Each structure stands twice: as structure tokens, then as C-alpha cells.
Amino acid sequence: MYNPQLNAQGELIHLLTTEGLPKRILTQILDRAAEYVAAGEAGNKKFATLAGRSVFNLFFENSTRTRTTFEIAAKRLSADVTSLNIQASSTVKGETLLDTIHNLEAMGADLFVVRHAQSGAAHLIAQHVQPGIAVVNAGDGRHAHPTQALLDMYTIRHFKGDFTKLRVAIVGDILHSRVARSDIHALTTLGCPEVRVIGPKTLIPTGMESLGAHVYHDMAEGLKDVDVVIMLRLQNERMSGAFLPSTHEFFKYYGLTPEKLALAKPDAIVMHPGPMNRGVEIDSAVADGAQAVILPQVTFGIAVRTAVMAIVSENQRGRGAQA
Amino acid sequence: MYNPQLNAQGELIHLLTTEGLPKRILTQILDRAAEYVAAGEAGNKKFATLAGRSVFNLFFENSTRTRTTFEIAAKRLSADVTSLNIQASSTVKGETLLDTIHNLEAMGADLFVVRHAQSGAAHLIAQHVQPGIAVVNAGDGRHAHPTQALLDMYTIRHFKGDFTKLRVAIVGDILHSRVARSDIHALTTLGCPEVRVIGPKTLIPTGMESLGAHVYHDMAEGLKDVDVVIMLRLQNERMSGAFLPSTHEFFKYYGLTPEKLALAKPDAIVMHPGPMNRGVEIDSAVADGAQAVILPQVTFGIAVRTAVMAIVSENQRGRGAQA
Amino acid sequence: MYNPQLNAQGELIHLLTTEGLPKRILTQILDRAAEYVAAGEAGNKKFATLAGRSVFNLFFENSTRTRTTFEIAAKRLSADVTSLNIQASSTVKGETLLDTIHNLEAMGADLFVVRHAQSGAAHLIAQHVQPGIAVVNAGDGRHAHPTQALLDMYTIRHFKGDFTKLRVAIVGDILHSRVARSDIHALTTLGCPEVRVIGPKTLIPTGMESLGAHVYHDMAEGLKDVDVVIMLRLQNERMSGAFLPSTHEFFKYYGLTPEKLALAKPDAIVMHPGPMNRGVEIDSAVADGAQAVILPQVTFGIAVRTAVMAIVSENQRGRGAQA
């Protein structure tokens, strides 16, 4: 099957989604990220990999946190980074998305990081850029958030080692979550035998079983004996009475408290993509507790984004050289 | 005649307008830009010319696209770039324009890129900066946009070679266009024998003939046998019923369609400063067609801005050394 | 007494306030800044001190001018600089201040520059960051603005030499001014025998005498025979009828005119933290006159901020190495 993320040699040239990404690619990214983590711990945070290359952060949807992590990662690779808040830019003046992209290409872009409220935006851009230019999806609508999934995989591998013996639970607003979808694809590809999704009926979409995930509506059942708990952020801005009576109600049933966490394995780790709503989806005692690995996720996220940008750039340049 | 853009040796120390700029200076900029275009095609986009120098992008009028091109150009020269959106800054607190400039000088500025809604702003700043500090006009009111004109000249020279045998038509809202004025000055200086402006009577100011341009109100007449068509952006935000009945009406008479373009020479090129209003001043079939050189304009624009910043900085440092 | 700004060896590891900062530390910063001023005059503005280090500018309160000076200083030290406007960021999504800080730490921050509307914010952050990470206060509420005070001290030392023979007057809205408080602490520590504060009763807080400052409500008395006049910015946005009848009234009594300045010593210097309200707290004839040293303050401010960031980073790394 054709995969727009890979070149003819099967190398990663864009990162758009974890869906359909082979295990060897996922593992390549995690291994490369491990090198950056080790280098960082040794005090070495700067590499010449993208020196003289231009990275454009295109954020059609505002996210200071994610934009910042990509900026940091690009600067670690010595790239020249330009971040564009596109609402304030020429799309306002009636320019189409592809006109904007083609203009930035003409300005000498080598890599686009794209965040967009519409599913498929990064794919569309990847289909239309010139050979030699890479696209990294930083979140598109409800569809995918592959670098978040990869940092989640990095974190799980770091703390738990082997995916093939793990029970992983993803908890909360599965319906609106691109993180949940991307995590499920990555987990199943990496051989995780049991992925669970836990949430109220109104927040779990149909088709979870076909993705390889088991659905639970009760936290006590869903958390029982799991090794990893991935809490999702409750998007207050997306919530209305249609989905949930109140955040207080949500916390009562699905908020992760020490009591509920006690149902998981004693050495279970707790993850969260941030920013956390303390007292909504997670209790502060858990967020700040010994089982939480939420801050290591952030550190690993920089390394994973650095690895992804390095890999797709190297493979694009390889392709460019052959063309 | 005194020209504030040149030093006593006749070297370019500020770029404020193409009006009165000698042919040898225009040619010097285009030649230097050609070196950056060639280097870029060879994969070399980074130069140490402005290493350790501070470039300030002062955008008193918002323009993400133009600001980005100057940022990219300055980074290619290894400058430290600071972009300031001045509405949000201290002018709000009652500081005058010149106080702001003098403060930034005191912070160690070496080069100011200035975009301002008022005609003459860049000139005013150039008159008041210390020796050794360069000013580049990135658009002032309806007055001038010299780097846009220079990239237009670069594009024409690239595709057509000799200016002295060309018919060039500039089409659209001439009245509000600093691009049109700057293009006309550059074209006549470079020896272009026939410059035409085409547009409705309400959008062509008086005095065009004295600038050396011939006025046409009919596209069929104006486009006949031209070698170059420069379409202008219709500034929707400036339009009101006073100038035009509707954009639909404008497209009917002045929008560049394949049919109208067929009246020009068969190898005529089509230019546009961007961002385009497709279906208003230009038909998509033309914008994406074989005669359009709109994306090469963008690439050349980076090279031209790089060349301008390099030249004025080198000449300012030369002057500083002699002073 | 425990001072959170110093490590066990008495070295500066954070800069939070000038209050309680020993004279040897103040002098160390001024001496280091003098090296940067000299280097800048020799055309050398770039140092490798913070190469590969990450500086985060956290501006919870908007101040383009101060943010820009810190950005410039950090870039001079070759740091990777990320500036965050935190109103637009994740605090909006309900994340707490400390969650934000811990996340940025996890991203690899080495130094935080913090501006916050609440007094004590920088202290709070300094108490919670990991060892090895430095915090520099860029202004917190009405409490402190230590780098402004240090650049004021640099300016006074530059023009007047010895602090132990000077009369210094601080004029205007003392009540709302973190600059005034920080200046008074620094001046008394450096041995200035006579510090005066001048302003209307409504704008001078109680307790000035205990800080070592003498209170004057009359400009003629307060300015008599002083060597240094530090004018404060009248914060229009903070003014309401409760404090002052009008800015016009304020200028009449406390605006610095040539006539009032004539009461000071003939060689007295005039300082202002900027941006100035001409015609409110200062007359243009004084602002642009021979006794004003307001633009040198800006230049020295870059050098002082460069010195502070270099010193705290070096001391943090020293501590990190020992830990």
C-alpha cells in the first residue's frame, strides 16, 4: 500500500500519522531520540544537522506549548526557524493554503511543521510540496498527533522496556482526541497486546474495537492491572452540555485519583500530554505523585521532535541527491 | 542633487526608494542578488556577512509575508534579527517614533528594516540615525516599496534579459500602489522604453505621463504586444464604493484571464507581488499557468533583500571606518 | 541571613532584587558590564558564553522594550532564546504558573527571565526551579526591577565615578515604582550618602526614611544641589483621579523643566528609565538636553543584562559541577 510518508526506499520523508507507519520506522525514531536524550544529559544540546536549513512552524491553530517544543528542537539542530501564526497572516487576505505553502517553498523552506484545526491538512501539504521538502504534522483536527504518540511510546519504552507484555489504558475524551488515535496505532504496531480506552459513552467514538482497542466505561474495570495509564486532557473549550453534565461530574467518574490509580499495577506509570486540568481529569496528588512521568514526557518530547526533524531532513536530502 | 541613500562616494548606504537611484546601483544590487540565487541553487544559503550584527525589523504596519522575507534574508547573512510589532510596543505608551529609533540605536542596532503606513517614514528615520546604521524601506504608505521593485527588475532581467527592448504593463490599482511607483522609477532608469499603466480612471492618479508611463483604461489596448505584465494586488481593505462598484466588476474589466493575456506577446511573463486575490485581479488559470513567474519572484525576493542588506551594511561600515 | 540569590559560596545564582545584595556582587556586575561596553565600542558584540544554552523570556506582563533588551543580551551570549507571551499560552488553559515552569525546565531551560505583574513571582519561581537553572527578575509588580537599578548604577558610576560623595534625587510616582525601590537599595549599598525621593504626598509611600531615603514634596527643595536626577515614568495606565488631578497639573509641579533642573548642581545628570512621557514628567528641552544621559542608559542596560546572564549562568554551572 502506498504510504505518502515513505520514499521508494521505504525511508521516512514526512511524518503525518502513526497509522500505517512500520515498526522499524517507529523504532528508528525512538532509537535516534535516545541518542539526543543521552547527549542532553551529557550537557550537549546543539548539533549542526540542519545548519543553514530553514524550518517553518506553521501554526494555523494556536498552541504555544507545541510550537515552542518544535522551535527548541529545530534550534538544537542549528536550523533557522521561522514561526508563523497564520491567522494573522496572508490567509486573512484571501490567499489559499496552498498559495501560502508554495510561497514559503519559494522562500527556501526545507521543512514545514504544521498544526491545523482541519484533519488532513498536513497530508494535503505533503502531497503538494516539492521533492526535498519535509512535512511534520504537529496535530491536525481530530485526526493525528504523531509526535505526541511517539513521545508517549518513548516514555513507555523508557520506563517499561518491552511493549509486548503491557496493558495500556487511555482515559478520557477519546472522541475529540488525536492523541488517543495516534497512540493506539503506535501501540498496536509496537506489539502492545492490550490497549484499553476508558470514558463515558458520549466521549468514545464507534470503531474502537476495529483499531484494536477495548472499550471500558467504568474506571475500576478499565484500570485493573494496567501497566500504563495515559490520561487525556479534557478540552473545556470543546465541551458543552451535549457531551458532559459538568467537569465536576467528569472528575467524579473519570478523574484519576490515588484511589482509582490503586487499581492499576503497583508500578503503573501515569502519563498526560499536558497542559493538565488539575481537579478535572487528574488529581494533584497523582499529577505530582511518584507514579507520574509527565515531566519526563516533556523532555523526551524535545528529543523525539529533534529525531523526527533530523531523520526526515536526511532522507529528503538523500532523495534530492538521487533525483 | 543630494541623495540621502548615497554616501559621498556615491555608494548605497540606505535603500529608501528607487526614485533617483542610479542605474549602476540598481545593477549592482541585481548582480549581487544573482550571486545569492546561484549560491542557493548550489545548496549554500548561509553567509557570515552580518555575523554579530543586529537587524531590527520595525513593522509599524502589519505584513507577515514581507517581514518573513526580511527575517530570512537577515538570517542568511547570520545577523541577529529582532522583529518588533510596533503597535504593541512603546509607541502605544506615548513614545515618539524618533524616541523609539534612538532607543533601538542605543541597544546596538546596525540596520533597520522599516514598514510604515505613512509615506516618508523611512526617509525620516534615515535622516536621524547615527552614521554607521543603515535603513531599508520595506514599504511606506503609497510612496515606495523599493525591494519589491528590485525583485521585479531581477525577475524581468532573469526571464527577458535586456530592458531596452521591452514593453511592460502594470495593471490594476495604480492609485494606492507603492509597488507601481517604485517599478516605474526602476524600469525607466534601467532603460525600458515603454512602460504602461492600465486601470480604471478612479484608480490611476494624475502625473503618470511625467513619470514616463503611458496610461490605458482598456485592457485590450494596454496589453497588446507587451513582454511583461505586472498585476497589482487589489487592496480590498482600501476599496470602498467610491473607487469601484464591486470586485466582480473589476475582474470583468481588469482581471487577467487567459483571453486577455493572449493579447500580449506569446512569450510574455506574468508577475504579481502577492498575495493574490484569485478571481479578483487574476484568474487561477493564469496564476498557475505556464507564463506566470510569480513563485520565482518570491525566490528572487529573498536574494534581492539579502543583497540589499549586505551592500548597505558593507558601505556603512566602510563609511564608519573612514569617519 | 539566607539570601536565595546566592549559593553557599556567596556567588550570584539568581538576580531577584537589589535588596540585600552585597556591595561586592553589585560591583562584580558593574565591572563585568564594563567589559561588554568596552567590547561593544570595539565592534565586538558576540560571545560564546551561552552557546547551546536555552534562555526563556517569560513575560506574563507585556513589555516589548524590556523583552527586547533581554533578547539582545541573550543573543550576544549566543544563547538560543525563546520569548513567550504567557497570556496567550497555556496559563489560559488553566495550567498553573509552576506547571508552566516545570514544563519549560523539562524542555531544557537553563535560564528564565521573568516579568510578572505580581510581586514575588520571580522569587517563587527561583524557589522551585531545579539546581543549575537561573532566574532573572525583569520586573515583578511594585516590588523590584533589579536590572534597571543596576543599569542606573552603571550610568551613575560612568558619569560620576564615586558613589560616596553623591546626592541623588528620584522624582515622581514613587508609590507604584519598582525602579525607585530597587534604585534606593542599590544606592545605599554602594555608599551613596544622600538619596532623596520627590513627589506628591499621594505618590510617596510610607517607610521611605527606613529605606534610607529623604522625602521631599517640593521640587525646588528636593533638587537643590543634587548630582543625579532620576525621573520616573508616570504610569498613565495606573493613574486615576484618586492619585492626581491631571497630568498637566503633575507637569506643573513635578515635571522636569530647564528651570527646575537649574536648581541642581550645574553638572548634574538626568536619567529616565524610558519610555518618556514628554510634557508629563519631563520637558523635551531637558530630555534632549546636554545633561540627559537617557540614551547611554539604554546602551549600558544591554551590557548590564548581558553581564547578569553571564554571571548567574557561570555560577549555576559551577554549582551544578560540584553537586
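How much area do chain B and chain A bury between them, and what percentage of it lies on carbon and sulfur atoms? In this predicted model, the buried area between chain B and chain A is about 1800 Å², of which 50% is on carbon and sulfur atoms. Chain B contributes 22 residues to the contact and chain A contributes 22 residues.

Three salt bridges are found across the interface of chain B and chain A. One of the pairs in a salt bridge is Lys45(B) with Asp110(A), whose closest N and O atoms are 2.6 Å apart. Eight residue pairs are in polar contact between chain B and chain A, both residues being at pLDDT 80 or more. On the side of chain B that touches chain A, helix H2 (64-76) and helix H12 (294-322) of chain B are the elements that give two or more residues. H2(B) supplies the largest share of that side, eight residues. By residue class, the side of chain B that touches chain A comprises six nonpolar, seven polar and nine charged residues.

For chain A and chain C, the buried area is about 1800 Å², with 49% of it on carbon and sulfur atoms. The contact involves 21 residues from chain A and 22 residues from chain C. Three salt bridges are counted between chain A and chain C; Lys45(A) and Asp110(C) meet through their side chains in a salt bridge at 2.6 Å, N to O. Helix H2 (64-76) and helix H12 (294-322) of chain A are the elements giving two or more residues to the side of chain A that touches chain C, and H2(A) gives the most, with eight residues. The residues of this side of chain A are six nonpolar, seven polar and eight charged.

Definitions and conventions: Residues numbered from 1 in each chain as written. Chains lettered and ligands numbered in written order. Predicted model: local features only at pLDDT ≥ 70, side-chain atom pairs only at ≥ 80, totals over all residues. Heavy atoms only, no water. Contact = heavy atoms within 4.5 Å. Buried area = accessible area lost by both parts, 1.4 Å probe. Salt bridge = Lys/Arg side-chain N within 4 Å of Asp/Glu carboxyl O. Helix = DSSP H or I, 4+ residues; strand = E, 2+ residues; numbered from the N terminus. Nonpolar A, V, L, I, M, F, W, Y, C, P; charged D, E, K, R; others polar. Polar contact = N/O pair within 3.5 Å; in protein donor to acceptor, adjacent residues only side chain to side chain.
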